[in-house]
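Here are my notes on the model, in numbered points. Please keep the structure open while reading.

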Amino acid sequence: MKKIIFTDKAPAPIGPYNQAILINGTLYTSGQIALNPKTMELIKDSIENETIQVMENLKTILKAAAMTFENAVKVTIFIINMDDFSRINAVYQTYFDEKTAPARETVQVACLPKNVSIEISMIAVQ
């Protein structure tokens, strides 16, 4: 049976979706963008700060499902500029132990919701 995961410590959905779904011990997060959950304003001052906000949003969703980044098995990163990859990766790697980091892909896209520079989704397992 699927369980809806919601926390007010992450941005509220801006459309007809949930922050995450937990089913059979597997958590599927919706893509997170750099929205401040308290103000619902976008962080757009640097790709590093956008990435931090996205990762912090994912962290709180994982916590709401009684998980941590250690539970992550697959991450998808969407970016609008592949030239930002190394700067994003520098922030991203601070959230994982390299030996147990999840599988991942990074894809450059033409546009993201609210014209942000980065969106990240995740699958985690209990």
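How many bridges join strand E4 to E5, and do they run parallel or antiparallel? Point 2 has the reply.

1. Ground rules. This is a predicted model, where local features need pLDDT of at least 70 and side-chain atom pairs count only at pLDDT 80 or more, while totals for chains, interfaces and linings use all residues. Residues are numbered from 1 along each chain as its sequence is written, and side-chain values use heavy atoms, with hydrogens and water left out. Helices (H or I, at least four residues) and strands (E, at least two) are DSSP runs, numbered from the N terminus.

2. E4 and E5. Strand E4 covers residues 72-79. E4 and E5 run parallel, and 6 bridges join them. Strands count as paired if DSSP finds at least two bridges between them. Lys74 has Ala103 in E5 as its bridge partner. The chain goes from E4 through H2 to E5, a β-α-β crossover that is right-handed. Right-handed means that, with the strands pointing away from the viewer, the path from the first strand over the helix to the second runs clockwise.

3. E2 and E3 pair in the antiparallel sense over 4 bridges. Ile23 stands opposite Thr26 in E3. The two strands form a hairpin with 2 residues between them. In that turn, Asn24 has a positive phi of about 50°. E3 also pairs with E6, again in the antiparallel sense, over 3 bridges. There, Leu27 has Ala124 of E6 as its bridge partner.

4. Helix H1. H1 has 18 residues. From first C-alpha to last it reaches 26 Å, close to the 26 Å expected at 1.5 Å a residue. The expected span is 1.5 Å times one less than the number of residues. Several H1 residues are buried, including Ile47, Val54, Met55, Leu58 and Leu62. Buried means under 20% relative accessible area, exposed over 50%, and partly exposed in between (1.4 Å probe, protein chains only). The buried residues of H1 pack against E1 (3-5), E2 (20-23), E3 (26-29), H2 and E6. Just after the helix, Ala66 takes a positive phi of about 60°.

5. Salt bridges. The structure holds 4 of them. The criterion is a side-chain nitrogen of Lys or Arg within 4 Å of a carboxyl oxygen of Asp or Glu. One is between Glu48 and Arg87, at 2.8 Å, N to O. Glu48 lies in H1 (residues 47-64) and Arg87 in H2 (residues 85-92), so this pair ties together parts that are 39 residues apart in sequence. Asp84 also bridges to Arg87, with the closest N and O atoms 3.4 Å apart. How accessible are its members? Glu48 is partly exposed at 25%. Arg87 is partly exposed at 36%. Asp84 counts as buried, at 14%. Another bridge joins Lys9 and Asp8 at 3.9 Å, N to O. Both Lys9 and Asp8 are exposed.

6. Tyr95. Where does Tyr95 sit? It is in the loop between H2 and E5. Tyr95 counts as buried because its relative accessibility is 16%. Leaving aside neighbours within four places in sequence, Tyr95 is in contact (heavy atoms within 4.5 Å) with Ile52, Met55, Glu56 and Phe69. Its side chain makes a polar contact with the side chain of Glu56 at 2.8 Å. A polar contact is a pair of N or O atoms within 3.5 Å; within protein, one must be able to donate a hydrogen and the other to accept it, and residues adjacent in sequence count only if both atoms are side-chain atoms.

7. Leu22. This residue is found in strand E2. Leu22 counts as buried because its relative accessibility is 12%. Beyond its neighbours within four places in sequence, Leu22 is in contact with Met1, Lys2, Lys3, Ile5, Leu27, Met67 and Gln126. Leu22 and Lys9 are 13 residues apart in sequence and 18 Å apart in space, C-alpha to C-alpha.

8. Ser117. Ser117 lies in the loop between E5 (103-108) and E6 (118-125). With 15% relative accessibility, Ser117 is buried. Not counting residues up to four places away in sequence, Ser117 touches Ile47, Glu50, Phe78, Ile79, Ile80 and Leu112.
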